[in-house]
Structures are given as structure tokens and as C-alpha cells.
Amino acid sequence: MAKIDEKFWYRKIGRDIYHQTETSKRLHREQNKRQYDKVKLDVFIHYGGNPPKCACCGESGLRFLTIDHINNDGGKHRKLGLTGARLYRWLIKNNFPKEFQILCYNCNCGRARNGGICPHKKGLNNSTNIVLQEAAKELLNI
Ligand SMILES: [Zn+2]
Ligand SMILES: [Zn+2]
């Protein structure tokens, strides 16, 4: 009977266990991600309709969309650690509070940089408009 090559078997078993844990880790990650996507979609459909759309420009690519705090008090929730999945779960648990809406990242940033109003909506607000006009004049040497 051939001598069992212990080293070979230890290596093989080690490798199998390694692959098993890697696979289960990957499955776990995928499961988490699916759960996260589902929770996110529930929240986005509630606030943005089905399929969810940006409340300002109508962008409907889910990856472009984000939860926006209508009163611009997002900092309060961020301080509580409520971002991403935690925010979505918090919204569901709190019966979808009204002070949220769905915006795309463009409109979200536009709003943040334009004193709370997306440039799509009311044109640039006056002070921003003047600053931009001045900057444009300088650039164009008018
Ligand atoms: Zn938008
Ligand atoms: Zn907009």
C-alpha cells in the first residue's frame, strides 16, 4: 500500500476549506447586497414612484438616484450614522417620514450648491447667478 502523502492531503484539505469559506463569504456578500438592493428599491419606490425617478429632472437610472432631505437637514441624520442601508431601514421603521424625496446626484449637488434650489428649477438663484456672471466676465475679459 502506498504511503499516504500527508503533506499533499493537508494542503488539499486546507485549500478546500479555504475555497469553502471564500464561497460562503461570497454568497453572504451577495445575499447582503440583494437584501440591500431590495430595501433600497422599496424606499426609492415609496418616495420616487415606480420606477423611481428624480423629483426634479425625471432621471430614472437607479444608480444615479439618492435620498434627499427636503429641509436640507441631512447633516442631522448623518451625525446619527444614518446613511446608506441604515438610513433606508430607518425610513422604513419610521413609516417613511415626509421630509424626504428622491433626487439624482446632479440635482442633489445642484441644489446644495445653489442655496437649496436645483438650477433646473428656478434658474440659478440670484446671488449665485451674479457670482457666476462675474466669473464669466472675468474669463471672457468683457
Ligand atoms: Zn435630477
Ligand atoms: Zn434638477
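1. The secondary structure of the protein chain consists of six helices and two strands, where helices (H or I, at least four residues) and strands (E, at least two) are DSSP runs, numbered from the N terminus. Followed along the sequence, these elements give the pattern α-β-α-α-β-α-α-α. This is a predicted model, in which local features need pLDDT of at least 70 and side-chain atom pairs count only at pLDDT 80 or more, while totals for chains, interfaces and linings use all residues. Residues are numbered from 1 along each chain as its sequence is written, and chains are lettered from A and ligands numbered from 1 in the order in which they are written.

2. Of the 142 residues in the protein chain, buried residues make up 15%; a residue is buried if 20 or more other C-beta atoms lie within 10 Å of its own, exposed if 12 or fewer, and partly exposed in between, with C-beta atoms placed from the backbone. Among contacts between residues at least 6 apart in sequence, 62% join residues at least 24 apart, two residues being in contact if their C-beta atoms, placed from the backbone, lie within 7 Å.

3. The two strands, β1 and β2, run antiparallel and are joined by five bridges; strands are said to pair if DSSP finds at least two bridges between them. Within this arrangement, Asp 68 stands opposite Gln 101 in β2. Because four of its five residues are buried, β2 is largely enclosed by the rest of the structure.

4. The largest nonpolar core has 16 residues, and those with the most contacts inside it are Cys 54, Cys 56, Ile 102, Leu 103 and Cys 107; such a core is a set of buried Ala, Val, Leu, Ile, Met, Phe, Trp, Tyr and Cys residues joined through C-beta atoms within 7 Å. At least two residues of this core come from each of α1 (6-48), β1 (65-69), α3 (84-93) and β2 (100-104), and β2 gives the most, with four residues. Once its neighbours within four places in sequence are left aside, Cys 54 is in contact with Glu 59, Leu 65, Ile 102, Leu 103, Cys 104 and Cys 107.

5. Helix α3 has contrasting sides, for Leu 87, Tyr 88 and Leu 91 are buried in it. Seen down the axis of α3, the buried residues fall within an arc of 100°, so they line one face of the helix; the arc is that of the directions from the helix axis to the C-beta atoms. On the other side of α3, Arg 86 and Lys 93 are exposed.

6. Val 39 is placed in helix α1 and counts as partly exposed because it has 17 C-beta neighbours inside 10 Å. Leaving aside neighbours within four places in sequence, Val 39 is in contact with Ala 85, Tyr 88 and Arg 89. Although Val 39 and Arg 89 are 50 residues apart along the chain, their C-alpha atoms are separated by 7.1 Å.

7. Some backbone details in the loops deserve a careful look. A cis peptide bond, with omega about 0°, joins Asn 50 and Pro 51, and Pro 51 is placed in the loop between α1 and β1. In the loop between α3 and β2 is Asn 95, a residue other than glycine whose phi is positive, near 55°. Phe 96, placed in the loop between α3 and β2, has a positive phi of about 50° although it is not a glycine. Asn 95 counts as exposed because it has 8 C-beta neighbours inside 10 Å, and Phe 96 counts as exposed because it has 12.
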